[in-house]
Amino acid sequence: MAGFLKVLFRNLLEGPSTDPFPLGETFTPARLRGRAKVDPTLCMGCGVCRHVCAAGAINITHLPDDSGYTITIWQNSCCLCASCRHYCPTGAMSISDDWHSAHPEKEKFDRLEQHTIKYEPCAHCGTLMRPIPAHLAQRLYAKNPDIDPELIRHLCPKCRQIEDAKRNACLLPSPSEEKPEERVTSAAPTRE
């Protein structure tokens, strides 16, 4: 009986321990899966998120004039599996901790996130393309001080390949240099 009175007295002093949610903020766990979001500055339009979406809640549509694309996330269809976040190569997809997803049926088509992303011209040839995100370019070219990541990220894949070939051409020996004669031997044992 003394144990019961001790617990009762402690609970009276501490007050109610219920969640104040409707009237105040509530605790949200750090790893809670809420709404899927896309960062348009990082999105490359590769379509990996659309491909791995279990619910088919992500759609990427190219603009009719090929000047960009529109990415749409239907929050009403999203099953919160976070596959889009896991497989996104640039980190553009994320899952927020916003768990307020209750809505009337008539608003289901309004629950979407949509961004139209325009292509930019290549710095060398002018071909429309999506530049590599800055943080990704920094990481890709961190070990080579000869490459300016800010310049290379604004080149289309073909121009990046040409620039890479120009750098590597300086490292190759010229054909006029004589190479020492190398004797090629077989790995298989031979009988003499």
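Me: Where is the cut-off for calling a residue buried?
Reply: Buried means under 20% relative accessible area. Exposed means over 50%, and partly exposed lies in between. The model here is a predicted one.

Me: Why is Arg153 called buried?
Reply: Arg153 has a relative accessible area of 14%. The cut-off is under 20%, so Arg153 counts as buried.

Me: What makes Glu150 and Arg153 a salt bridge?
Reply: The closest N and O atoms of Glu150 and Arg153 are 3.0 Å apart. A salt bridge needs a side-chain nitrogen of Lys or Arg within 4 Å of a carboxyl oxygen of Asp or Glu. Therefore this pair qualifies. Side chains of opposite charge can pair when their charged atoms come close.

Me: Is Glu150 buried, exposed or partly exposed, and why?
Reply: Glu150 has a relative accessible area of 39%. That value lies between 20% and 50%, so Glu150 is partly exposed.

Me: How many salt bridges does a search of the whole structure find?
Reply: The search finds three. One of them joins Arg35 and Asp98, with the closest N and O atoms 4.0 Å apart.

Me: Which parts of the chain does the Arg35 and Asp98 pair link?
Reply: The pair links distant parts of the chain. Arg35 sits in the loop between α1 (2-14) and β1 (36-38). Asp98 sits in the loop between β4 (93-95) and β5. They are 63 residues apart.

Me: Why do Arg35 and Asp98 count as partly exposed?
Reply: Arg35 has a relative accessible area of 23%. For Asp98 the value is 29%.

Me: What separates Lys166 and Glu163 along helix α6?
Reply: They are three residues apart in α6 (residues 157-171), which means about one helical turn lies between them. Glu163 has a relative accessible area of 18%. The cut-off is under 20%, so Glu163 is buried.

Me: Why are β2 and β5 said to stand at the edges of the sheet?
Reply: Three strands form an open sheet in the order β2-β3-β5, with antiparallel pairing. β2 (58-62) and β5 (112-118) each have a single partner strand, so one side of each is left without a neighbour in the sheet. The twist averages 15° from one strand to the next.

Me: How do you know that β2 and β3 pair?
Reply: Five bridges join β2 to β3 (residues 68-74). Pairing needs at least two bridges, so these strands pair. In β3, Tyr69 is the bridge partner of His62, and Ile71 is the bridge partner of Ile60.

Me: What makes Asp66 worth noting in the β2 and β3 hairpin?
Reply: The hairpin has five residues between its strands. Asp66, in the turn, has a positive phi of about 55°.

Technical notes. Residues are numbered from 1 along each chain as its sequence is written. This is a predicted model: local features need pLDDT of at least 70, side-chain atom pairs count only at pLDDT 80 or more; totals for chains, interfaces and linings use all residues. Side-chain values use heavy atoms; hydrogens and water are left out. Helices (H or I, at least four residues) and strands (E, at least two) are DSSP runs, numbered from the N terminus. Axes are lines fitted to C-alpha atoms, for helices over the stretch in contact, and angles run from 0 to 180 degrees between N-to-C directions. Buried means under 20% relative accessible area, exposed over 50%, partly exposed in between (1.4 Å probe, protein chains only).
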